[in-house]
Every structure is written in C-alpha cells, then in structure tokens.
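Please look over the sequence and the 3D structure below.

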Amino acid sequence: MPIYLYIDRGTFVHRLHPTVKVFALFVMFWSVYWVDNPIALLIPIGVLMLWVAQLTDSWPNFYRLRWLFAILVFTTTIAWMVFYRRGAVLVNVPIFHVSRLSLVFGVGRGIKLAELLAASVLFLSTTKIEEFTYGLQRMRVPYRVGFAISLSFRLVPLFIDSAVTIVDAQRLRGYDFNQGGPIERVRRYVPVVIPVFMGALRKANNMAMALEARGFGFSHEPTTFIEYQVTPADIAAFAFLIGLGALYFMLYWTGLGGIGPLK
C-alpha cells in the first residue's frame with residue numbers, strides 16, 4: 001500500500017513553480033472560506049478541482065480517501081441539522097431541525113470541508129516535499145517554520161509505515177485485530193500505539209542529531225541545490241489564481257455566496 005500521495009507525472013501542473021503551487025493551495029483555502037452556498041462551492045472551484053484531478057491523474061488518491069470524503073459530508077450535514085435551528089421546519093423529526101436553511105447550510109459546510117481536503121490532496125499529489133520547502137522559502141516564510149511544516153508532511157507517512165509494519169508483525173504472531181465488536185477492535189490497536197510512539201521519539205532524536213551535524217540553524221537563508229525558473233505558464237497561473245480569489249471574495253461581499261435570507 002503506497003504511503004505517499006505524490007504521483008509523478010509530467011503535466012503542466014507538476015511543472016509549475018513551487019511558489020505558484022503553494023499560492024494555489026492558499027487561494028483554494030481562501031476561496032472556499034468566503035462562501036457557504038453549495039452551488040458557489042461547486043461552480044467554478046469544485047469543477048476546477050475535478051479538472052485538475054483528471055489532468056494530473058490524482059484519482060487513485062481520491063479513491064483511497066473516498067470514505068473520508070463521504071463521512072465528512074454526511075456527518076457535517078447531520079450535525080448542522082441539529083445545531084443550525086433557522087428557517088421553517090419542513091419535517092418534524094425529534095432533535096433535528098429539518099428546514100431548507102439547515103439543509104443548505106449543512107450541505108454547504110460538508111462540501112466546504114471536502115473541498116479543503118481535496119485541495120490538500122491535489123497539492124500533495126503534484127508537489128514534492130522539497131518543492132514545498134522551496135515554495136515556502138520564496139514566500140518569505142521563516143526557514144525554521146517552513147522546515148517544520150514540510151518536515152511534518154515527510155514524517156507522517158513514515159509513522160504510518162511504522163504502524164502498518166507493527167500491525168503486520170503482530171498478525172504474523174497470531175494477534176487478531178478483527179475479533180470482537182467495534183469498540184473491542186479499537187481497543188486491540190492500543191498495543192500498536194506504544195511501539196509507534198517510541199519509534200517516533202527515536203527517529204526524532206536521530207533526526208535532530210543529523211540536523212545539528214549538518215549545521216541546521218547556522219544561517220537564516222540557507223542555500224539550495226535546486227533552482228526553479230519562472231515560466232510564462234507560472235505567470236498565467238498566478239494571474240488566474242488572483243482572479244479566482246478576487247471572484248470568491250466578491251461573492252462574499254455581494255452576498256451571492258451566502259445561503260439566502262435567514263427566514
């Protein structure tokens with residue numbers, strides 16, 4: 001089972017300058033943040049994400065996370081039907097406030113969370129860790145902060161790999177993780193947490209010693225062997241992203257991105 005999301009392809013999205021990719025992730029988050037209407041969340045930014053996923057061949061990553069997307073939308077919609085108690089009731093259901101407003105608001109919030117996750121998946125499917133670090137540096141993010149952010153993306157797959165290895169080793173010893181009900185199955189994974197945690201501490205200690213041996217922190221502007229040239233495609237993509245972010249802010253400013261009258 002692959003533990004990394006990056007998919008090596010030669011599309012123009014993969015070839016974009018790292019700074020443009022980091023900026024694209026920021027614009028996606030920015031655009032989704034300002035609107036609540038499901039239609040505004042789907043068109044054009046939702047369609048754009050689908051097009052990028054098709055272009056970059058990122059569907060395997062979305063397929064791996066399909067249940068997480070479904071759970072996000074479903075549980076968010078149900079939760080807001082409990083807490084968002086506005087609008088005329090359509091159906092009398094205990095605890096739930098089923099109205100047009102609660103439905104639209106709940107579905108919108110679910111789509112918003114799903115699109116935040118989808119933007120992250122697209123970014124990690126098309127961007128290497130070193131490109132992420134380079135992009136953060138060029139956006140004037142302090143080197144230590146950028147290194148810590150990129151390091152977290154690098155370490156999470158390693159911890160998942162350690163957990164999978166420990167689970168496989170326990171199964172070879174005859175330990176059955178699928179025995180009992182749901183709570184019992186969760187409890188059976190508790191012994192896996194301790195070796196993963198101890199392994200993480202050991203890796204963190206070794207990495208700290210390796211970084212100190214290489215002079216980490218000696219300079220606030222470290223050099224790099226990799227240089228990325230800005231191309232006309234980068235400039236065009238940057239201009240498009242500026243327009244997309246401005247469009248969604250105008251949808252918020254004019255009220256078109258809302259869910260309508262709160263009655």
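Which residues form one aromatic cluster? They are F23, F26, W30, Y33, W34, F238, F249, Y252 and W253. This is a predicted model, where local features need pLDDT of at least 70, side-chain atom pairs count only at pLDDT 80 or more, and totals for chains, interfaces and linings use all residues. Residues are numbered from 1 along each chain as its sequence is written, and side-chain values use heavy atoms, with hydrogens and water left out.

**Aromatic rings**

- The structure holds 19 aromatic pairs. Rings of Phe, Tyr and Trp (its six-membered ring) pair if their centres lie within 6.5 Å; planes under 30 degrees apart count as stacked, over 60 as edge-to-face and the rest as tilted.
- One of the pairs is W30 with W34. Its geometry is edge-to-face, with 5.3 Å centre to centre and 75 degrees between the planes.
- W30 and W34 are about one helical turn apart, because they are four residues apart in helix α2. Helices (H or I, at least four residues) and strands (E, at least two) are DSSP runs, numbered from the N terminus.
- W30 counts as partly exposed because its relative accessibility is 32%. W34 is buried, because its relative accessible area is 19%. The cut-offs are these: buried means under 20% relative accessible area, exposed over 50%, and partly exposed in between (1.4 Å probe, protein chains only).

**A charge over a ring**

- The charged end of R66 sits over the ring of Y63, 3.9 Å from the ring centre. For this, NZ of Lys or CZ of Arg must be within 6 Å of the ring centre and within 35 degrees of the ring normal.

**Salt bridges**

- A search of the whole structure finds five salt bridges. In each, a side-chain nitrogen of Lys or Arg is within 4 Å of a carboxyl oxygen of Asp or Glu.
- K21 forms a salt bridge with E131, and the closest N and O atoms are 3.2 Å apart. The pair links distant parts of the chain, 110 residues apart: K21 is in helix α2 and E131 in helix α8 (residues 129-138).
- K21 counts as buried, because its relative accessibility is 5%. E131 also counts as buried, at 8%.
- D36 and K112 form another salt bridge, with the closest N and O atoms 2.9 Å apart. D36 lies in the loop between α2 and α3 (38-42) and K112 in helix α7 (residues 100-126), so the pair ties together parts that are 76 residues apart in sequence.
- K112 counts as buried, at 11% relative accessibility. A network of salt bridges links D36, R109 and K112.
- E184 and R187 meet in a salt bridge through their side chains (2.6 Å, N to O). Both lie in helix α10 (residues 182-188), three residues apart, about one turn of the helix. E184 is partly exposed, with a relative accessible area of 26%.

- Where is H17 found? It is in the loop between α1 (12-15) and α2 (18-34).
- Is H17 buried or exposed? H17 counts as buried, because its relative accessibility is 8%.
- A polar atom of the H17 side chain lies 3.1 Å from the backbone nitrogen of T19. A polar atom of that side chain also lies 3.4 Å from the backbone oxygen of Y228.
- Leaving aside neighbours within four places in sequence, H17 is in contact (heavy atoms within 4.5 Å) with Y134, Y228, Q229, V230 and D234.

How values were computed: A polar contact is a pair of N or O atoms within 3.5 Å; within protein, one must be able to donate a hydrogen and the other to accept it, and residues adjacent in sequence count only if both atoms are side-chain atoms.
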